[in-house]
Structures are given as C-alpha cells and as structure tokens.
Amino acid sequence: WGGIENRETPEIALIREIKEETNLEIKTFKKLWEYKEDEKTNHSFLITDFIWNLKLNGPEATRNCKTNKYILEWHNINEINNLLIYPKSTKNQFLKFKKLFH
C-alpha cells in the first residue's frame, strides 16, 4: 500500500489509498495497531463497512502485466499463515490478532 502524504493523518491516507488503488469506498474502520520498522511507522486498520466496487486502479493498474501482476483478492483470516505478506512483521501482527479471536 501507499504512504501518508504531507499533512495527512493515517486515517485519511487509508481512505485515499484504498480508493485510489482498489476503488473501494471505506465507511467504517478501526485502527488495530501501529509499529515501527526500519524507521517507518506501519499502521493497520480493520475495515468493517465499505461500498463494494472492487477494481484495480492507480499506478498498479498501469503497471499490471503478465510479469508484474497486481491481483485483488479476499482471504479468510484463517488462511493468513499460508499467504506471502510483506513486510513479514505485518504478517506476524495479523497472526497475533487472529489468536485473539480463536
């Protein structure tokens, strides 16, 4: 995902980036956590309500080709352990989050 632009909050960046890259309009969300890695702060949110019109947009749509694929997918939280997620510390955070509900 993208980054936070000047004078943007993480929440505003979330709404903008998701709209720009996937065409989803976020209505309700909750911040789960943030953590620092390599001097960068990562923010994770749980999106609970959105307007559904999933479509690859932005630079990813332009760069999308046979050798550089951007694929929008939904995954069950129980599948996280089998997914390739970067950075790996983000995957570890999601695994901890998953344990809270099992």
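Modeller: Start with one pair. The side chains of Arg16 and Glu8 form a salt bridge, with N and O 2.6 Å apart. Keep in mind that this is a predicted model.

Biologist: What is the general idea behind such a pair?

Modeller: Side chains of opposite charge can pair when their charged atoms come close. In this structure, the side chains of Glu8 and Arg16 are also joined by a polar contact of 2.6 Å.

Biologist: Are Arg16 and Glu8 buried or exposed?

Modeller: Both Arg16 and Glu8 are buried. The relative accessible area of Arg16 is 16%, and that of Glu8 is 17%. Each counts as buried because its value is under the 20% cut-off.

Biologist: Where is Glu8 found, and with which residues is Glu8 in contact, leaving aside its neighbours within four places in sequence?

Modeller: Glu8 sits in the segment before α1. With those neighbours left out, Glu8 is in contact with Gly3, Ala13 and Arg16. Separately, a polar atom of the Glu8 side chain lies 2.9 Å from the backbone nitrogen of Glu5.

Biologist: With which residue does Glu5 form a salt bridge?

Modeller: Glu5 forms a salt bridge with Arg16, and their closest N and O atoms are 3.4 Å apart. This pair links distant parts of the chain, with Glu5 in the segment before α1 (10-22) and Arg16 in helix α1, 11 residues apart. Glu5 is partly exposed, at a relative accessible area of 45%.

Biologist: How far apart are N and O in the salt bridge of Glu60 and Arg63, and is Glu60 buried or exposed?

Modeller: The distance from N to O is 3.7 Å for Glu60 and Arg63. Glu60 is buried, with a relative accessible area of 12%, whereas Arg63 is partly exposed, with 41%.

Biologist: How many salt bridges does the count come to?

Modeller: The count comes to 7 salt bridges.

Biologist: Now the nonpolar side chains. Which residues form a nonpolar patch on the surface?

Modeller: Trp52, Leu54, Leu72 and Trp74 form that patch, and together they have about 430 Å² of accessible area. Leu72 is found in the loop between α2 and α3 (88-99). Leu72 counts as partly exposed because its relative accessibility is 33%, between the 20% and 50% cut-offs.

Biologist: What about the chain as a whole?

Modeller: The chain has 3 helices and 2 strands, and from the N terminus on its elements run α-β-β-α-α. Buried residues make up 25% of the 102 residues. The chain exposes about 7900 Å², of which carbon and sulfur atoms supply 53%.

Biologist: Where in the chain is confidence lowest, and where highest?

Modeller: Confidence is lowest in α3, at a mean of 83, and highest in α1, at 93. Over the chain, the mean pLDDT is 87, and 96% of the residues reach 70 or more.

How values were computed. Residues are numbered from 1 along each chain as its sequence is written. This is a predicted model: local features need pLDDT of at least 70, side-chain atom pairs count only at pLDDT 80 or more; totals for chains, interfaces and linings use all residues. Side-chain values use heavy atoms; hydrogens and water are left out. A salt bridge is a side-chain nitrogen of Lys or Arg within 4 Å of a carboxyl oxygen of Asp or Glu. Helices (H or I, at least four residues) and strands (E, at least two) are DSSP runs, numbered from the N terminus. Buried means under 20% relative accessible area, exposed over 50%, partly exposed in between (1.4 Å probe, protein chains only). A polar contact is a pair of N or O atoms within 3.5 Å; within protein, one must be able to donate a hydrogen and the other to accept it, and residues adjacent in sequence count only if both atoms are side-chain atoms. Contact means heavy atoms within 4.5 Å. Patches are made of residues with over 30% relative accessible area and no salt bridge: like charges are joined within 9 Å, nonpolar side chains (Val, Leu, Ile, Met, Phe, Trp, Tyr) within 5 Å. Accessible areas come from the Shrake-Rupley method with a 1.4 Å probe; for residues, only the protein chains shown count as cover. pLDDT is the predictor's confidence in each residue, from 0 to 100.
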